[in-house]
Amino acid sequence: MINVVFFAQLREQLKTDQLQLELSTPCTVADVQQALLDNHPQWQEFLANRALMCAVNQDMVQSDAMVNDGNEVAFFPPVTGG
Amino acid sequence: MTDSSNVSDSHSDFDFLSVQEQDFDVAFEYAQLRENNSQDGAIVFFSGLVRDFNQGNDVTGLYLEHYPAMTEKALAKIIEEAKSRWPLSRVRLIHRVGQLYLSDQIVFVGVSSSHREAAFEACHFIMDYLKKKAPFWKKETTKKGDWWVESLEKDEKALDKWQDQ
């Protein structure tokens, strides 16, 4: 089971803040993204955004990063704090 | 919602990191950097405020969302990176979340060092990295509606100057 979380504008666009995915692991963040699109084709225009950032277990990573069972994968827009 | 702690065991007991809804007192933070600290000749701090214009006009306030499980971890990494680059004795970093209004304080970064160059550069570095690496998002409230602030290319470029060092 992978826990997927969304933040900020992306969370509003998807109308979802978190969900669980059953995927065979290890896989990559890109695989998680593809599984989300397979389950929710209407998310294409928001999730396919190249500017999106991602994190695995709260560390920012690129989309080729590995994901293991029990990990938390986060997707979010570029950050704007400070 | 208050989540504060010393940065990590390997760091100075004087380091402080907090992600919080409540305001902070710059005089108190400055005093914490200075107290019982005769080794340091320099303190540099930055405070960031909510201003009345941005990508939209007539900003009346902003809401700061964050990723609670990740925020503190990301900020601790930035502090750790700054301490690996400059000889800093103390680092204090506070970032507020939730609803803020005009002129409210958003962020405080304060560092102390033996010498001013290290203190100036490290404070600047921490702010530049925070703006690109810490999971915060601003939603502006304006008289014409609310919208998410877009990230800026200039903030991305701001990181470049630290890459070669």
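Reader: Which term describes B:Cys123, buried or exposed?
Author: Buried means under 20% relative accessible area, exposed over 50%, and partly exposed in between, with a 1.4 Å probe and protein chains only. B:Cys123 has 4% relative accessibility, so the term is buried. This is a predicted model, in which local features need pLDDT of at least 70, side-chain atom pairs count only at pLDDT 80 or more, and totals for chains, interfaces and linings use all residues. Residues are numbered from 1 along each chain as its sequence is written, chains are lettered from A and ligands numbered from 1 in the order in which they are written, and side-chain values use heavy atoms, without hydrogens and water.

Reader: Which residue of E7(A) stands opposite A:Cys54?
Author: Strands (E, at least two residues) and helices (H or I, at least four) are DSSP runs, numbered from the N terminus. Two strands pair if DSSP finds at least two bridges between them. Strand E4 (residues 53-56) of chain A has buried residues on both faces, A:Cys54 and A:Val56 being on one side, and E4(A) pairs with strand E7 (residues 72-76) of chain A in the antiparallel sense over four bridges. In E7(A), the residue opposite A:Cys54 is A:Phe75.

Reader: Which side chain of chain A does B:Lys139 join in a polar contact?
Author: B:Lys139 lies in strand E8 (residues 136-142) of chain B and counts as buried, at 19% relative accessibility. A polar contact is a pair of N or O atoms within 3.5 Å; within protein, one must be able to donate a hydrogen and the other to accept it, and residues adjacent in sequence count only if both atoms are side-chain atoms. At 2.6 Å, the partner of the B:Lys139 side chain is that of A:Glu12.

Reader: How many salt bridges are counted between chain A and chain B?
Author: A salt bridge is a side-chain nitrogen of Lys or Arg within 4 Å of a carboxyl oxygen of Asp or Glu. B:Lys73 and A:Asp59 meet in one through their side chains, at 3.6 Å from N to O. Between chain A and chain B the count is four.
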